[in-house]
Amino acid sequence: MSRNTMLPRIDEIVSNFELLDDWDERYRYLIELGRMMEPLPEEAHVEANKVRGCASQVWLVMNRDASRDEPRLHLVGDSDAHIVRGLVALLIALYNGKTASEALETDALGLFKELGLAEHLTPQRSNGVRSMVERIRHDAREALAAS
């Protein structure tokens, strides 16, 4: 199973974000994060992997590493929009490697608020982020139920 080794860790992303004063720079950094993501295989760009509630097209695939007591999550995603792809990358960096229980306790929307993204995203993009978080939480609940 491949992992997202190209993306920086979430604490590094948060530090980098804090260094960028200008919102244009922050948006460029988000786009760059999207480019660093592990590519989603073409065959995974299917309806079943689409996230509902996003204005842009977003695909998320959760793989479970069940070799431990509780499954750890490994996400791969993609979007047809550059900034949204960066938001997907941010969520992947936040959730990857967590157990399903840890994922359910993770406050992604709090992180978006902390980074200032909450007030700098359009309402449509904010709804899309909520939809992505809900999808990850749903998949984490299913992973827990299956373990």
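**Basis and confidence**

Residues are numbered from 1 along each chain as its sequence is written, and side-chain values use heavy atoms, with hydrogens and water left out. Because the model is predicted, local features need pLDDT of at least 70 and side-chain atom pairs count only at pLDDT 80 or more, while totals for chains, interfaces and linings use all residues.

The predictor's confidence in each residue is given as pLDDT, from 0 to 100. The protein chain has an average pLDDT of 89, and 95% of the residues score at least 70. Helices (H or I, at least four residues) and strands (E, at least two) are DSSP runs, numbered from the N terminus. Among the elements of the protein chain, the highest mean pLDDT, 95, belongs to helix H3 (residues 82–95), and the lowest, 85, to helix H6 (residues 117–120). Over residues 1–5 pLDDT stays under 50; the model has 13 contacts beyond four places in sequence for this stretch. A contact means heavy atoms within 4.5 Å.

**Strands E1 and E2**

Strand E1 (residues 58–65) runs antiparallel to E2, and eight bridges join them. Two strands pair if DSSP finds at least two bridges between them. Within this arrangement, Val58 is placed opposite Ser79 in E2. Buried means under 20% relative accessible area, exposed over 50%, and partly exposed in between, using a 1.4 Å probe and protein chains only. E2 is largely enclosed by the rest of the structure, because seven of its eight residues are buried.

**Helix H7**

The 24 residues of H7 should span 34 Å at 1.5 Å a residue, and the end C-alpha atoms are 35 Å apart, which agrees. The expected span of a helix is 1.5 Å times one less than its number of residues. Buried residues of H7 include Ser126, Gly128, Val129, Met132 and Ile136. Their cover includes E1, E2, H3, H4, helix H5 (108–114) and H6.

Arg135 also lies in H7 (residues 123–146). At 16% relative accessibility, Arg135 counts as buried. Leaving aside residues up to four places away in sequence, Arg135 touches Ala48, Asn49, Lys50, Val51 and Leu60.

**Salt bridges**

Side chains of opposite charge can pair when their charged atoms come close. A salt bridge is a side-chain nitrogen of Lys or Arg within 4 Å of a carboxyl oxygen of Asp or Glu. By this rule there are eight salt bridges.

| Pair | N to O distance |
|---|---|
| Glu32 and Arg35 | 3.7 Å |
| Glu47 and Lys50 | 3.9 Å |
| Glu102 and Arg72 | 3.7 Å |

Glu102 is partly exposed at 37% relative accessibility, and Arg72 is partly exposed at 24%. Salt bridges that share partners also join Glu47, Lys50 and Arg52 into one network.

Glu32 and Arg35 are both in helix H2 (residues 23–36), three residues apart, about one turn of the helix. Glu32 is partly exposed, with a relative accessible area of 34%, whereas Arg35 is exposed, at 56%.
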